[in-house]
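Me: I have a structure open and a few quick things to ask. Can we go through them one by one?

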Amino acid sequence: MFMSTINICGVSLSGRAVLAPMAGAADSAFRLTAKIHGASLVFTELVSSDGLIRNSRKTRRLMEFLPEERPVGIQLFGCHAETMSHAATLAEELKPDFIDLNFGCPSRKIVKRGMGAALMKDIGNLEAITATVVRAVRVPVSVKLRSGWDNEHICAVEAAQAAERAGARLVTVHPRTQSQGFSGKADWQWIARVKRAVSIPVIGNGDIENPDDARRMLDETGCDLVMVGRGSLGRPWIFRKINRLLETNMREEEPSREEKIGICLVHFKKAVELLGEKRGVFEMRKHIGWYVKGMHGNAEFRNRVFSLIERTSVEEALQAFARPA
């Protein structure tokens, strides 16, 4: 069994499962929902360093978080050391618990600009960016890596060691290459190899779909924390279930249909509160689709609820779907 609390870089975490910084999904409403259900650490969506220093209002909004979300990390992406360090100082004004540097996003529109996982091909620049950001801020700096660019260029160990030399205090490893994207299977051996090669804490990421996956990753790799991304979409209770298994060796039952929709309704209300009715309803459509996935009648329900534009109409539809006739 695993201790219910762990100290990472001077930050006390209440469990071993953390929420991934998913673009287009991990907004404040979802982060808070995950936190309520046991996520011990959350990260913002990817924040453009270029957008920050240009004072983009949309970019700045991506950094905003609620006090209840703490501990929280703001994740930045970019490819120029000075731009990244400037952006990090702006992010630090919000007093996050971590500044996280993204060297792992496989998106083509990002890597073609030399950002995200493209830095796995330029470890010298990865190290320079990390070192410059570490010098610029006082909060702990973490980095998120892929295993490499492709199967012929696996460099997670070298990249993690470079980040550690530069002063990073935490590293997350998603052991897929950029060329894999999110396809295929995550090769957890690279998490284990990074853990053996560095002295800073390591977060393992990739293919955590249930509590048994989380425990197996911790056992097989020796990593300090597990990061859950796609496995939490529409299933924020996965964090609570992971914590229960790790702390007590007991499995918590899957929530009932009515309980799942109840959690979705709370998430929905928070999204509308934070974003306003029009945008909140729109942004929640994908989340509602994830919540009802696998439920009887979900296809017809999605088609109906996705056409609704008023908060009360969506709430009524969800309440009715929770207790089908």
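Me: Leaving aside neighbours within four places in sequence, which residues is M84 in contact with?
Reply: This is a predicted model. In it, M84 is in contact with S49, L76, F77, G78, C79, L101, I129 and V133.

Me: Where is M84 placed?
Reply: M84 is in helix 4, which covers residues 81–92.

Me: And is M84 buried or exposed?
Reply: M84 counts as buried, because its relative accessibility is 0% and the cut-off for buried is under 20%.

Me: What separates the C-alpha atoms of M84 and D50?
Reply: A distance of 7.9 Å, although the two residues are 34 apart along the chain.

Me: New topic, the surface. Which residues form the positive patch?
Reply: R57, K58, R61, K109 and R279 form a positive surface patch.

Me: Which helix gives the largest share of the positive patch?
Reply: Helix 3, residues 57–63, with three residues. R61 lies in helix 3.

Me: Now K260. Where is K260 found?
Reply: K260 is in helix 11, made of residues 257–275.

Me: Is K260 buried or exposed?
Reply: Buried, because the relative accessible area of K260 is 18%, and buried means under 20%.

Me: What does K260 touch, not counting residues up to four places away in sequence?
Reply: K260 touches W237, E254, P255, Y291 and M295.

Methods
Residues are numbered from 1 along each chain as its sequence is written. This is a predicted model: local features need pLDDT of at least 70, side-chain atom pairs count only at pLDDT 80 or more; totals for chains, interfaces and linings use all residues. Side-chain values use heavy atoms; hydrogens and water are left out. Helices (H or I, at least four residues) and strands (E, at least two) are DSSP runs, numbered from the N terminus. Buried means under 20% relative accessible area, exposed over 50%, partly exposed in between (1.4 Å probe, protein chains only). Contact means heavy atoms within 4.5 Å. Patches are made of residues with over 30% relative accessible area and no salt bridge: like charges are joined within 9 Å, nonpolar side chains (Val, Leu, Ile, Met, Phe, Trp, Tyr) within 5 Å. Accessible areas come from the Shrake-Rupley method with a 1.4 Å probe; for residues, only the protein chains shown count as cover. A salt bridge is a side-chain nitrogen of Lys or Arg within 4 Å of a carboxyl oxygen of Asp or Glu. Lys and Arg count as positive and Asp and Glu as negative; His and the chain ends are not counted. The place of a charge is taken as NZ of Lys, CZ of Arg, CG of Asp or CD of Glu.
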